[in-house]
Amino acid sequence: MLINGKTAVAGVIGWPVSHSKSPLLHNFWFREYGINGAYVAFPVAPGRFESAISGLVALGLKGANVTVPYKEAALEAADLVSDEAARIGAANTLVVLEDGRIEARNTDCFGFTENLRHGAPGWQPQRAPAVVLGAGGASRAVLVGLLDAGVPEIRLVNRSRDKADTLSKQLGVAGSGRIRVLDWEERSAALQDASLLANTTSLGMGGQPALDIDLEALPAGATVTDAVYTPLETPLLKAARHRGNVCVDGLGMLLYQAVSAFEAWFGVRPEVTPALRAHLLGADLPAARSA
Ligand code: ATR
């Protein structure tokens, strides 16, 4: 890859950030599409986020991804906030606009639904309820994605029920029946008649306990997806595959969230291909979840 005076630059801001997979992804696409670009990790120490953001514009960068712990701060620092980012309450992508203003976006919900559309083309969001386990940051993006896809009822199950209640209120759908909060003990029964089960908890990630759930009530035609992608096939996905459910792993969510960021910065909508997946899987991925 030739780096010269015309190289367009973007990167990922976080603390710590050296574990990020995003440089692998975006630099793969530069090579694939012959774009003169570079994507690097920017470790930004606490207290320096604001000046880093000003630096994006001052240095003429195309933009940046934002990861822990700055996803919420990114909303405050931006000049404009997209509808999704405002509803999710966090941004994962900053785009430097032509006029120098910064727009905060959240592409995690697109990543989640696009991954499902590709991995489970038979899933019809409007047809049946979805069950979402977990009420953290990843869950917020998943919920917004599912609401926008027209899922009639989301059964939101979290160990700490109060967090799920707060989340459903914050999303402005409390009382509409679109999100029903259930107790953690109800997670297996909640699967009745559902067409989708999405795990957004950290259970099943390398080093964490497996998710303890009985899939008996889940219809055979339902799709199961997991935001955890290390391991790629979590114990949940393995159990679901054995009983014949369509399974969609979490790596795709990471790949598809990057698609819209790359397009916003470099004007090319990149494709998620088996070669890209192999490129990422060939790298030593630390234990992680999408979003
Ligand atoms: P993120 O922002 O990446 O989603 P998070 O906010 O730490 O991460 O959320 C982690 C999720 O995994 C939460 O829903 C958490 O449940 P609580 O809200 O009750 O903490 C869930 N989680 C983590 N460990 C769990 C466990 N042992 N059993 C059940 N849920 C667990």
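The model is a predicted one, in which local features need pLDDT of at least 70 and side-chain atom pairs count only at pLDDT 80 or more, while totals for chains, interfaces and linings use all residues. Residues are numbered from 1 along each chain as its sequence is written, and side-chain values use heavy atoms, with hydrogens and water left out.

**Helix H9 and its partners**

The axes of H5 (residues 108-119) and H9 come within 7 Å and cross at roughly 120 degrees. That angle makes H5 oblique to H9. Angles under 35 degrees count as roughly parallel, over 145 as roughly antiparallel, 65 to 115 as roughly perpendicular, and the rest as oblique. Axes are lines fitted to C-alpha atoms, for helices over the stretch in contact, and the angles run from 0 to 180 degrees between N-to-C directions. Helices are DSSP runs of H or I with at least four residues, and strands are runs of E with at least two; both are numbered from the N terminus.

On the H5 side, the contact with H9 is made by Asp108, Phe110, Gly111, Phe112, Glu114, Asn115 and His118. On the H9 side, Gly252, Met253, Tyr256, Gln257, Val259 and Ser260 take part. Contact here means heavy atoms within 4.5 Å. By class, the contact of H5 with H9 has five nonpolar, six polar and two charged residues. In this scheme Ala, Val, Leu, Ile, Met, Phe, Trp, Tyr, Cys and Pro count as nonpolar, Asp, Glu, Lys and Arg as charged, and the others, Gly among them, as polar.

Helix H9 (residues 251-266) also meets helix H1 (residues 22-33): their axes come within 10 Å and cross at roughly 55 degrees. H1 and H9 are therefore oblique to each other, and H1 passes H9 in a right-handed crossing. Leu25, His26, Trp29 and Phe30 in H1 meet Leu254, Leu255, Ala258, Val259, Phe262, Trp265 and Phe266 in H9. The classes in this contact are ten nonpolar, one polar and no charged residues.

**The chain as a whole**

The chain has ten helices and twelve strands. For 291 residues, a compact globule would have a radius of gyration near 19 Å, and the chain agrees with this at 19 Å. The radius is taken over C-alpha atoms, and the globule rule is 2.2 Å times the number of residues to the power 0.38. Taken along the principal axes, the C-alpha atoms fill a box of roughly 60 × 40 × 35 Å. Of the 291 residues, 53% count as buried; buried means under 20% relative accessible area, exposed means over 50%, and partly exposed lies in between (1.4 Å probe, protein chains only). Among contacts between residues at least 6 apart in sequence, 71% join residues at least 24 apart.

**Selected residues**

Asn199 lies in strand S10 (residues 196-199) and, at 1% relative accessibility, counts as buried. Not counting residues up to four places away in sequence, Asn199 touches Leu133, Leu211, Thr225, Asp226, Ala227, Val228 and Leu236.

Asp148 is found in helix H6 (residues 137-148) and is partly exposed, with a relative accessible area of 45%. Two further residues, Gly47 and Arg48, belong to the loop between strand S2 (37-43) and helix H2 (49-58). Gly47 is exposed, with a relative accessible area of 78%, and Arg48 also counts as exposed, at 56%.

The table gives separations for pairs that include these residues, with distances from C-alpha to C-alpha.

| Pair | Apart in sequence | Apart in space |
|---|---|---|
| Asp148 and Thr113 | 35 residues | 9.4 Å |
| Arg48 and Leu61 | 13 residues | 17 Å |
| Gly47 and Asp249 | 202 residues | 36 Å |

**Backbone details in loops**

A cis peptide bond joins Val68 and Pro69, with omega about 5 degrees. Pro69 is placed in the loop between strand S3 (63-66) and helix H3 (73-77). Another cis peptide bond joins Thr230 and Pro231, where omega is about 10 degrees; Pro231 lies in the loop between strand S11 (223-226) and helix H8 (235-242). Asp193, a residue other than glycine, has a positive phi near 65 degrees and is found in the loop between strand S9 (179-183) and S10.

Conventions: A crossing is left-handed if the near helix is turned anticlockwise from the far one by less than a right angle, and right-handed if clockwise.
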